[in-house]
Amino acid sequence: MIGLGYVGTVTAACVASHGHDVWGVDVDAAKVGEIRVGRSPVAEPGLDALVAQAVAGGTLHATASCIDAVDGADVSLVCVGTPSTARGGTDLSYVRRAVDDIAAAMRIVTPPPSGQHSVVIRSTVPPGTVEDVVAPALTGGLAGTDITIGAAMCPEFLREGSGIADFFASPLLVVGTRDPRVAEAVTNLFGFLDQPVRVVDVRIAEALKYACNAFHATKVSFANEVSRLLRLLGVDSREVMSLFCEDQVLNISSAYLRPGFAFGGSCLPKDLRSLLHLARISGADLPLLAGTLATNELVINEVVDRVVACDARSVALLGLSFKMNTDDLRESPNVELAERLIGKGFDVRIYDPVVNPARLVGANRREVESKLPHLRRLLAHQPSEALRGADAAIISSSDHTVLDTLLTSPPRHLIDLTGRLGSQVESLPGYEGLGW
Ligand SMILES: NC(=O)c1ccc[n+]([C@@H]2O[C@H](COP(=O)([O-])OP(=O)(O)OC[C@H]3O[C@@H](n4cnc5c(N)ncnc54)[C@H](O)[C@@H]3O)[C@@H](O)[C@H]2O)c1
């Protein structure tokens, strides 16, 4: 275990308590000294007792020497700090140093009986670190030897204050590696946890931790922004949020968390604007909620930019309403997209399995007339009609008529805004997803 801070000590003690022979190493002699006398160098509920037990039982040792730590070891877990640089980047110098230390030590020590040593990064590192920093440092450090060493990212999800409980009931156990022997070593190491190991691409594992932390931070700020406004309106935000959390269908669920196109429709933009208006007249700043409108706009811009970059003249837009199975065009981002593309001189043909301009009434009709006055002329009756002669297709509907037609006559460029077209369409040449 390289680094005996919060993550390293919790992991070392928990793994040692399940019979693995663990050697912890730290550049800080005081932390090594604490473990040696059976105490935790960091305050964490239950950790002193777990460390004391593992040290007394002979499964947990501490040293200031990386050589002693990796001698005969199957796995090194790198748990060193990755603090912010002055400009907000990630300081990888501790990771680099730890990996260099491991490589240098491996040249000297007895290899493990398995013949392979695995270096597993547990620290939070930006996508690309294992492939661009860790693996080259290991390869360079071991050049000229026949030592086999593999690298992986295994993100840590524990929270300080409940580190031991979180370690044993981790929400996910994810290993990012290309090397099946490293995946197997991690699976064996954590075999005592009642958790399946998910083996993924290394960049996925690195990015996952950032996505989780960004989401958690966003959740806290969302609740605080709601509360900031509701307090001024004399509403008890704790009661609102408590009921909010009872909705596990739309609120606390995977709903709305699939990367895809912009939000729209008759409710979300309108009600968000209304909330922001209330905030303005009440004197509350809600930068996170205001930012959602700005970021939604960027999603539409990005699709327009992609179409422009395709060098297409003629574009088929397959799906016009704001989501499938409705003919509601109010604030549909697809209507906005069509309007912008027409404004840029593209020849746009539209197919939507549900929208029938003859049957549009009220606000829905007014919305179309203001943004797409010539909709009747733009609308095709069949997807094949919209696709005829099109250089590019933008797909906002995964209706089976759309999918079947794409498979029989795929255009040169295919921009998928749904993320759910299925492998047949996704493997067509010219396929481009949004956000992957
Ligand atoms: N603290 C958390 O709750 C938590 C949770 C998940 C992930 N993480 C991530 O895990 C990593 C470690 O976090 P932490 O809070 O345990 O950090 P920490 O600062 O408490 O511990 C890091 C330890 O690494 C030691 N160290 C630095 N360079 C070393 C080297 N070359 N050899 C040996 N030891 C070395 C330091 O002396 C220190 O004791 C960070 O990347 C962090 O983002 C932290």
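Visitor: What caps the N-terminal end of helix 8?
Guide: D179 does, with a side-chain oxygen 2.9 Å from the backbone nitrogen of R181. Helices here are DSSP runs of H or I with at least four residues, strands are E runs of at least two, and both are numbered from the N terminus. This is a predicted model: local features need pLDDT of at least 70, side-chain atom pairs pLDDT 80 or more, while totals for chains, interfaces and linings use all residues. Residues are numbered from 1 along each chain as its sequence is written, and side-chain values use heavy atoms, without hydrogens and water.

Visitor: Which residues of helix 8 are buried?
Guide: V182, A183, A185, V186 and L189, in a helix that covers residues 180–189. Buried means under 20% relative accessible area, exposed over 50%, partly exposed in between, with a 1.4 Å probe and protein chains only.

Visitor: Why do they line one face?
Guide: Seen down the axis of helix 8, they fall within an arc of 160°, so they line one face. The arc is taken from the directions from the helix axis to the C-beta atoms.

Visitor: What sits on the face turned away?
Guide: The exposed residues P180 and N188.

Visitor: And what does the buried side pack against?
Guide: Helix 1 (6–16), plus strands 3 (75–78), 4 (116–121), 5 (148–153), 6 (174–176) and 7 (198–200). Contact means heavy atoms within 4.5 Å.

Visitor: New topic: N296. Where is it?
Guide: N296 is in helix 12, residues 287–309.

Visitor: Buried or exposed?
Guide: N296 counts as buried, because its relative accessibility is 13%.

Visitor: What does its side chain reach?
Guide: The backbone nitrogen of F263, at 2.9 Å. Leaving aside neighbours within four places in sequence, N296 is in contact with A262 and F263.

Visitor: Last one. How many helices and strands in the chain?
Guide: The chain has 18 helices and 12 strands. Buried residues make up 44% of its 436 residues.

Terms used. A polar contact is a pair of N or O atoms within 3.5 Å; within protein, one must be able to donate a hydrogen and the other to accept it, and residues adjacent in sequence count only if both atoms are side-chain atoms.
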